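This report describes a structure chain by chain and then at its interfaces. Please look over the sequence and the coordinates before reading on.

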Amino acid sequence: MPTQIAKRLATAIPTLIGVVIVTFLLTRVLPGDTAVYFAGPAATPQAIEEVRKNLGLDKPLPAQFADYVKGLASGNLGQSLSTGQPVLSDIRTRLPASAELTLSGLLLAILIAVPLGIVAAVRQGSWIDHACRIVATAGVSLPVFFSGLLLVYVFYYKLDWAPPPLGRLDVFHSAPHYVTGFYLIDSLLAGNLDTFRAALAQLALPAVTLAVFALAPITRMTRASMLAALASDFVRTARANGLSFYTVIVTYAFRNAMLPVVTTLGMVFSFLLGANVLVEKVFAWPGIGSYAVDALIKSDYAPVQGFVLVMGILYVLLNFLIDLLYGIIDPRVRIEG
Amino acid sequence: MAAAQLLDIKDLTVEFATRRGLVRAVEKIDISLAKGETLGIVGESGSGKSVTSYAIMRILDRAGRIAEGAITFGGMDLRSASESRMRDLRGSEISMIFQNPRAALNPIRKIGKQIEDVLLRHGQARSSDAREKAIEVLTQVRIARPEERYHAYPFELSGGMCQRVVIALALACRPQLLIADEPTTGLDVTTQKAVMELIVELTRARGMSTILITHDLGLAAAYCGKVVVMEKGKVVEAAKSETIFRAPSHRYTRKLMRATPRPGITLRDLLPEDAAQPSSERPSKAAKGRPKLLSVRNLVKEYKRQGQGGGLSGSLAGIFGGKKTEPGDAMFRAVDGIGFDIAPGESLGLVGESGCGKSTTSMMVMRLIDPTSGGIFFKGEDIGAVPARNFARSPWRKHIQMVFQDPTDSLNPRYTAARAIADPLLRLDDGTDKRSTRARVEELAGLVGLPANLLGRFPHQLSGGQKARVGIARAIALHPELVILDEPTAALDVSVQAVVLNLLQELKATLGMSYLFVSHDLHVVRLLCDRVIVMRQGRIVEEGSAEQVLEAPKAAYTRELIAAIPHPPV
Amino acid sequence: MSPAEANTGAVGAPESANALAATLRHARYTFAENPVSGFAFFLFVLLLLCAAFGPYLVPYDPLASDTSAALAPPSLHHLFGTDQIGRDIFSRVIVATRLDMSIAIASVALVFALGGLAGIAAGFFGGWVDQVVGRLADTIMAFPLFVLAMGIVAALGNTVTNIVIATAIINFPLYARVARAEANIRREAGFVQAARLTGNGDIRILLTQILPNIMPIMVVQMSLTMGYAILNAAGLSFIGLGVRPPTPEWGIMVAEGAGFIVSGDWWIAFFPGLALMLAVFCFNLLGDGLRDIVDPQRRS
């Protein structure tokens, strides 16, 4: 087992290197004079020169790359012009907000999509099957920012069930004592049910928006994969041996069907992390997505690049974990690999 | 005075809803089976034999349904039984095993657990003794070291072992009836024998009834007391095994009997009695003294083995016939230094079981893959020296052609039959224009007996036999001197095979070609080939004339192979 | 288990080798069988017409503002209402079709050319070609794709062309992967071996045997990616990249209307969003329908 982990880690490392190289290249591909962009629109020629020297832009490219990597190793992702803070500390502060949102959305999506896909496959042709297919096609067609806005309109403006989309907590509540950075968990740990409820209310709509977005690929994959499993020879054997409905569907079909679904989780995360940025903008969620978007509008480039780099690294790690998970579930990989 | 029948099928009709409307896969059939009896249901593809068994088990596809008739099992009406009642019956009173054993097992569940599932479901064990009982069941199907194997996953077992596990699953709860649907198709003939004997032993010991569904008449003859012959959904003949084989009454049964390759006949005898006789006599053997067409010397092909050879996979390799690898043994020799010749006009048979290296050998002679070492000489020229990558452009390409095993896979799905046959003409024959290509294609179609109006069809619109003819026409288009045939009739029905084999013989005589005929079917080889080579584990264990090898074999392995071929009781 | 359809030989196959006539006939049959695909095709034609002729047929100038009629809800005068500076939303939505469709078509064409061919070469030749294409695809896939698109547009500059390039880049791995997998499967297929026997060299096999067999899957992929490309471009515009106001484009119109949702003026963001949804929906359904048409196995 440790050799498995080591092997997979070994394949993740070149990818990480690729991520660093690409983000480095992105910093150097800026049109015009890079130093001007990092110095900001209001900079004087001397300030620009200083920035140029600071960034080492006068050195040859390989040396610049070495500097860049050295900077990363010491946690230097540059300085944000708009907040005045180092990019890394900005990101660290805002990361839990994005994580809480994304994970809630994903969890909600899985809880709905997987059972829906299973039932749709087992009861092919039924109304649930059709509903599943509609959800899958519509979910893929709906722009995530549009569905977010629709939800705000219906649940906040019309029905008054949801609070105004203004972030993680309303003005009457303050953040719970920091343990994980997840307001839901932290407020429960502190025993503060009132804050918990407030945080949950704020989280509801954005999480549902993300969930609606993630529903489509997950349910589509679950349904397709269950259909394939149900049509397979080994399920035929299980049926021919009279095994119970539950055993056939769950122990034989479902467990095998889950394998392809786990593999698609990586792709789902890719979409989710992108959708996260859009949802944060709609709901004014103080995560790293809105951090990057705000910086973009102000032509503040360092946060954007820091954002891309951090997201890349996070995503590589996520994929590594998914690979590990797959290796645990599938004995063919575990034993032969 | 007939004893009470265990299984009684009357007037059974099964319909399927398809795009083209309602199709009757089985029409008004009557079958009966007494306790302890073994019944063979024999038929070619489309006969409805498998559908019948699915109907008995009530596991028909969604689109299928029992339209008419009655199925009675031990006095119980199976047609109207509830699904939960059927679930109780399946696996405990009636069991079924299928083709392709590895796919029939749950790939991510230990086989011991799978057996436990069945035992627990039908109350044959409690969770406290389930494991013990599962191991006992494994022992009964002759799986060595069952306590160890209990923890194995299907992918760690050989095909033969997987089939034993499938049998274990089916027999674990001691059913009264076992239905075996082509249980040995795809298995080597020696494994086939072992599996069939196991089935016979277990069913006889327990007084079980068995239904054996097969396309192989020899198999039915060897193992069944009663035989039912089906054609296009109807039963055409039902009688005791000896009666069917000594004095078949229906025309179709006679046709099937004749078409089955067996000792003591010639190719012409495979065809129905009223078929047009092929025009040529069997050609005289190649004259001695003429230079060899093909010479192979010390041919070796090595592959890198995946992972280490020790442990479970190494010992498993030793069990199903491969070499036992030592730890650190990184190379695997698929072909281990063989040599043979083919004379002009001669037909050489290359036989062996799976993994013996015969397909690899034929691929190398074909120049589709490169040998690791050794020489391949065609008319004295070292064609082995030309890399496989470049051989398509070599002037030798058109002299050596191949007929592939799977006619579906070897035809481009987007090419019509005419275009597929024309391909070698367009690629390798300079100086032909469109009109003469078309004429050539029609001529070739005529030679292989393919009606000209089928030339515009796509592969999925052609039958298996028609596709095989297209493949043959393509192979002979440029009158090659050597044609390699890699199990060309393995995927065909036996009656179609009879026609195709005769066709191949005729073409060989007309066009003066040599054949390298690769097959696992010894009877077929004997009919078509002058000389035979037997391969095992990459080496040649015997060679000689066809009669000599097949009637008086010298090597023990050859004797084993021949003994394993099922034949009717004499 | 299924009735023996195949071995009895098909009925009614077209005699002549006129593949196009057969395709059209099969297309008509598929659409008749599956009305949803027919509907998608109809929608697709409608979109094309809007893109081509929309700007000439709309009742109002999409850029003309009329502050007296600002924030008017949908009515007979303004079918989709007006925005905060009085521009007619209906006209803007129709005119925006051209821009969004062009972005989508351009990116899909680009990625098909680069990704598709790279993938086929990688799958067929293997070796270093496979390694290089694989590394490239893996590096791109290492990022959440939308995030990478943001980074690329931010780096290259805030223009529509760069949106096209960014969309093409982030779709490259998908195309390359699909093409590679298909080419890989077919590389060892019997008919490819047979083609080698009949004297076809590698390049010829690639172009005449493999590419035509892969086209159906690639066409389906292209249709699906069109939808994704539109969403991507709209998303980028929503966060302020690429398209600048006052250019009418669906994504940026939703962004402009977003702030007004909380005060109840829903139409400003709703109609462009609806248009987006319909377009993407149409391409997804079309992709499914196309798959049925071009797959030769499905013909009867």
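## Chain A

Of the 337 residues of chain A, 45% count as buried (20 or more other C-beta atoms within 10 Å of a residue's own; exposed means 12 or fewer, partly exposed is in between, and C-beta atoms are placed from the backbone). This is a predicted model, in which local features need pLDDT of at least 70 and side-chain atom pairs count only at pLDDT 80 or more, while totals for chains, interfaces and linings use all residues. Residues are numbered from 1 along each chain as its sequence is written, and chains are lettered from A and ligands numbered from 1 in the order in which they are written.

Chain A has 14 helices and 0 strands; helices (H or I, at least four residues) and strands (E, at least two) are DSSP runs, numbered from the N terminus. The C-alpha trace of chain A spans about 80 × 55 × 40 Å along its principal axes. Contacts require C-beta atoms, placed from the backbone, to lie within 7 Å. Among contacts in chain A between residues at least 6 apart in sequence, 69% join residues at least 24 apart.

Axes are lines fitted to C-alpha atoms, for helices over the stretch in contact, and angles run from 0 to 180 degrees between N-to-C directions.

| Helix pair | Angle | Axis separation |
|---|---|---|
| Helix 5 (residues 87-122) of chain A and helix 12 (residues 288-297) of chain A | about 130° | 7 Å |
| Helix 7 (residues 144-158) of chain A and helix 9 (residues 193-230) of chain A | about 140° | 9 Å |

Helix 5 of chain A and helix 12 of chain A are therefore oblique to each other. Angles under 35 degrees count as roughly parallel, over 145 as roughly antiparallel, 65 to 115 as roughly perpendicular and the rest as oblique. From helix 5 of chain A, the contact uses D90(A), I91(A), R94(A), L95(A) and S98(A), and from helix 12 of chain A it uses I288(A), G289(A) and Y291(A). By class, the residues of this contact of helix 5 with helix 12 of chain A are 4 nonpolar, 2 polar and 2 charged. Here Ala, Val, Leu, Ile, Met, Phe, Trp, Tyr, Cys and Pro count as nonpolar, Asp, Glu, Lys and Arg as charged, and the others, Gly among them, as polar.

For the second pair, the angle makes helix 7 of chain A oblique to helix 9 of chain A. On the helix 7 side of chain A the contact residues include L151(A), V152(A) and F155(A), and on the helix 9 side of chain A they include V208(A), V212(A) and F213(A). The contact of helix 7 of chain A with helix 9 of chain A has 9 nonpolar, 3 polar and no charged residues.

T263(A) lies in helix 11 of chain A. T263(A) has 16 C-beta neighbours inside 10 Å and so counts as partly exposed. Its C-alpha atom is separated by 7.4 Å from that of I322(A), although T263(A) and I322(A) are 59 residues apart along the chain.

## Strands of chain B

Strand 8 (residues 209-214) of chain B is largely enclosed by the rest of the structure, because 6 of its 6 residues are buried. S209(B), I211(B) and I213(B) point one way from strand 8 of chain B, while T210(B), L212(B) and T214(B) point the other way.

Strands count as paired if DSSP finds at least two bridges between them. Strand 3 (residues 38-42) of chain B runs parallel to strand 8 of chain B and is joined to it by 5 bridges. Strand 7 (residues 177-181) of chain B also pairs with strand 8 of chain B in the parallel sense, over 5 bridges. L212(B) in strand 8 of chain B stands opposite G40(B) and is also the bridge partner of A180(B).

An open sheet of 6 strands in chain B has the order 16-17-18-13-19-20, with mixed pairing. Strand 16 (400-403) and strand 20 (539-545) of chain B are its edge strands, each pairing on one side only. Within this order, strand 17 (residues 482-486) and strand 18 (residues 514-519) of chain B pair in the parallel sense over 5 bridges.

## Interfaces

Chain A places 17 residues in contact with 27 residues of chain B. Helix 10 of chain A gives the most to the side of chain A that touches chain B, with 6 residues. That side of chain A has 5 nonpolar, 6 polar and 6 charged residues.

The contact between chain C and chain A takes 36 residues from chain C and 39 residues from chain A. Helix 5 of chain C supplies the largest share of the side of chain C that touches chain A, 9 residues. The residues of that side of chain C divide into 26 nonpolar, 9 polar and 1 charged.

Key:
Two residues are in contact if their C-beta atoms, placed from the backbone, lie within 7 Å.
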